[in-house]
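The following note sets out numbered points on the model under review. Each point takes up one topic and may be read beside the structure.

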Amino acid sequence: MNGIFRTKPISMLLDETKGKQGLKKALGAFDLTLLGIGCIIGTGIFVLTGVAAAKLSGPALVISFVLSGLACVFSALCYAEFASMIPVAGSAYTYGYAGLGEIWGWIIGWDLILEYAVGIATVAIGWSGYVVNLLNNMGIHLPTALTLSPFDKGGVVNIPAMLIIGLIAWLLISGVKNTSGLNGVIVIIKVAVVLLFIVLAVWHVKPGNWVPFMPFGFNGVVSGAAVVFFSYIGFDAVSTAAEETRNPQRDMPRGIIYSLLVCTALYIIVSAILTGIVKYTAYGTPAGQAAPVAYALDQIGIHWGSAMVSVGAICGITSVCLVLMYGQSRIFFAMARDGLLPKVLGSVDKKHQTPKLSTIIVATACAITAGFFPIGLVSELVSIGTLFAFIIVCAGVIVLRYRRKDLKRSFKAPLFPWVPILGIISCAYLITGLQPATWIRFVVWFVLGLIVYFAYSRTHSLLQISAKSEEKAQ
């Protein structure tokens with residue numbers, strides 16, 4: 001049993017990035033920053049703001065974003081230290097494996113599989129809703145049976161959600177540089193749309209709409225922070241690109257921190273304006289929950305601006321889905337390369353130097369989920385999975401600072417050990433704001449993961465096999 005806590009040597013991780021099993025290095029700091037913004041600015045700002053304002057935070061949604069942002073800043077600094085020290089695909093899974101041991105690496109990898117999979121499905125379903133609404137406004141009406149899941153009234157299968165996942169999988173297989181270029185264009189469009197909203201709406205803010213400021217109490221603010229935490233998983237996805245970065249020691253910390261700072265500022269400004277131009281209770285309507293930013297502009301009579309925001313939202317949600325699937329396929333790839341999942345899943349396409357098979361499997365599973373399940377059912381587990389991953393990364397930084405002082409760290413989380421400790425405490429606190437049903441589903445997935453590990457992964461782990469071979473040789 002002691003073997004399950006064996007850590008993977010960082011030298012071994014770095015050696016695996018070389019040769020035929022390594023991924024192509026094509027990204028710089030600007031690409032990484034856009035990758036992060038591409039994932040962070042999307043579903044959170046265009047969808048979740050309305051839900052959180054109406055049901056949990058009220059005008060204090062601003063504080064919810066501040067709380068989530070603070071938890072993310074602490075965690076992001078720890079991610080940046082790991083990413084500069086271990087520039088390998090796999091994100092928190094790889095960091096947990098190197099810092100805390102194989103069992104913790106497996107737990108966090110299993111957690112991330114769930115987090116990204118349900119995140120991709122959630123975003124694809126949201127994308128489908130915006131596209132169907134835009135087509136309806138243009139006079140093009142798709143059959144309800146082909147745009148909703150069987151759990152929704154009149155639905156059979158959500159074809160648009162499945163199609164966008166298939167298209168993004170094709171882009172990812174074609175090469176990371178092509179993906180990064182498209183993401184860059186989309187990011188510019190949606191940031192421009194968010195800035196347009198700010199410029200158009202700020203003049204219509206009525207301070208009276210901010211009263212009462214905290215209608216559901218501080219517990220509501222914390223619950224709102226836990227819900228909108230979904231919005232911040234983009235910088236986590238940035239770290240999955242470490243192996244494909246030209247100068248990861250320098251560029252990974254910059255990409256992670258820059259993208260988080262830009263997006264946190266935009267979230268705070270937009271949430272303040274949203275609850276200032278329209279009473280928070282208005283976002284409790286179906287239209288207000290589905291598209292709060294566009295809805296707010298409609299309420300103040302700026303209909304052309306609302307249409308522009310809808311187009312920007314489609315672009316924004318597309319790039320979120322793109323980055324999430326990118327991160328998911330890389331984590332799948334890293335776990336397979338370590339032998340914890342069937343090794344064939346870790347193969348790299350010779351032509352494009354991308355993990356083709358793992359991308360196809362991820363896309364298939366997510367397309368089925370998005371096509372046949374409703375958004376409410378698939379979205380609840382994302383935040384708890386993200387928060388749990390962040391806690392392990394922060395703990396890993398503390399462990400490695402004491403155990404491996406010899407490792408080269410081109411970036412260090414400041415104010416050690418307080419930054420990682422505050423990261424652990426803040427993430428754990430936000431988890432308390434989630435619903436009990438979410439905890440139950442997460443525990444079930446966690447137990448299933450342990451069964452898979454002891455039944456398959458532990459005996460197929462390349463690290464365990466190598467260690468046993470060395471013991472026999474001695």
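1. In this predicted model, helix H4 (residues 61–85) and helix H18 (residues 418–431) have axes that come within 8 Å and cross at roughly 140°. That angle makes H4 oblique to H18, since angles over 145 would be needed for roughly antiparallel. The crossing of H4 past H18 is left-handed. On the H4 side the contact is made by Ser68, Ala71, Phe74, Ser75, Leu77 and Cys78, and on the H18 side by Val419, Pro420, Leu422, Gly423, Ser426, Cys427 and Leu430.

2. Helix H7 (residues 159–174) and helix H15 (residues 356–372) pack with their axes 8 Å apart, at an angle of about 170°. H7 is therefore roughly antiparallel to H15. H7 contributes Ala161, Met162, Ile165, Ala169, Leu172 and Ile173 to the contact. From H15 come Lys356, Thr359, Ile360, Ala363, Cys366, Ala367, Ile368, Ala370, Gly371 and Phe372.

3. Ala169 deserves a separate remark. This residue is found in helix H7 and counts as buried, at 7% relative accessibility. Which residues does Ala169 contact, leaving aside its neighbours within four places in sequence? They are Met325, Thr359 and Ala363. Thr359 and Ala363 are also among the H15 residues that make the contact with H7. Met325 is 156 residues from Ala169 in sequence, yet the two C-alpha atoms are 7.5 Å apart in space.

4. The loop between helix H17 (382–403) and H18 holds two backbone features. Most residues other than glycine have a negative phi, and most peptide bonds are trans. Leu415, which lies in this loop, has a positive phi near 50° although it is not a glycine. Leu415 counts as exposed because its relative accessibility is 67%, and the exposed class begins over 50%. The peptide bond from Phe416 to Pro417 is cis, with omega near 5°, and Pro417 is placed in the loop between H17 and H18. The ring of Phe416 also has a charged neighbour: Arg401 lies over its face, at 4.3 Å from the ring centre.

5. A further cis peptide bond joins Val211 and Pro212, with omega about -5°. Pro212 lies in the loop between H8 and H9. Phe216 is also placed in the loop between helix H8 (176–201) and helix H9 (217–228).

6. Aromatic contacts form the next topic. A pair of aromatic rings is described by the distance of the centres and the angle of the planes. The structure holds eleven aromatic pairs. One of them is formed by Phe216 and Tyr280, with 6.1 Å from centre to centre and 80° between the planes, and is edge-to-face. This pair links distant parts of the chain, 64 residues apart, as Tyr280 lies in the loop between helix H11 (248–277) and helix H12 (286–290).

7. Tyr453 and Phe454 provide another pair. Their ring centres are 5.1 Å apart and their planes stand at 85°, so the pair is edge-to-face. The limit for that class is an angle over 60 degrees. Tyr453 is buried, with a relative accessible area of 0%, while Phe454 is partly exposed, at 32%. Both residues belong to one aromatic cluster that also includes Trp106, Trp110 and Trp445.

8. Helix H5 (residues 92–99) is mostly covered, as eight of its eight residues are buried. These residues are Ala92, Tyr93, Thr94, Tyr95, Gly96, Tyr97, Ala98 and Gly99. Gly101 follows H5 and has a positive phi, near 125°.

9. Finally, some totals for the protein as a whole. The protein has 20 helices and zero strands. Of its 474 residues, 60% count as buried. Among contacts between residues at least 6 apart in sequence, 84% join residues at least 24 apart.

Note on methods. Residues numbered from 1 in each chain as written. Predicted model: local features only at pLDDT ≥ 70, side-chain atom pairs only at ≥ 80, totals over all residues. Heavy atoms only, no water. Phe/Tyr/Trp six-rings, centres within 6.5 Å; stacked < 30°, edge-to-face > 60°. Helix = DSSP H or I, 4+ residues; strand = E, 2+ residues; numbered from the N terminus. Buried < 20%, exposed > 50% of the residue type's maximum accessible area, 1.4 Å probe, protein only. Lys NZ or Arg CZ within 6 Å of the ring centre and 35° of its normal. Axes fitted to C-alpha atoms, helices over the stretch in contact; angles between N-to-C directions. Parallel < 35°, antiparallel > 145°, perpendicular 65-115°, else oblique. Left-handed = near helix turned anticlockwise from the far one by under 90°. Contact = heavy atoms within 4.5 Å.
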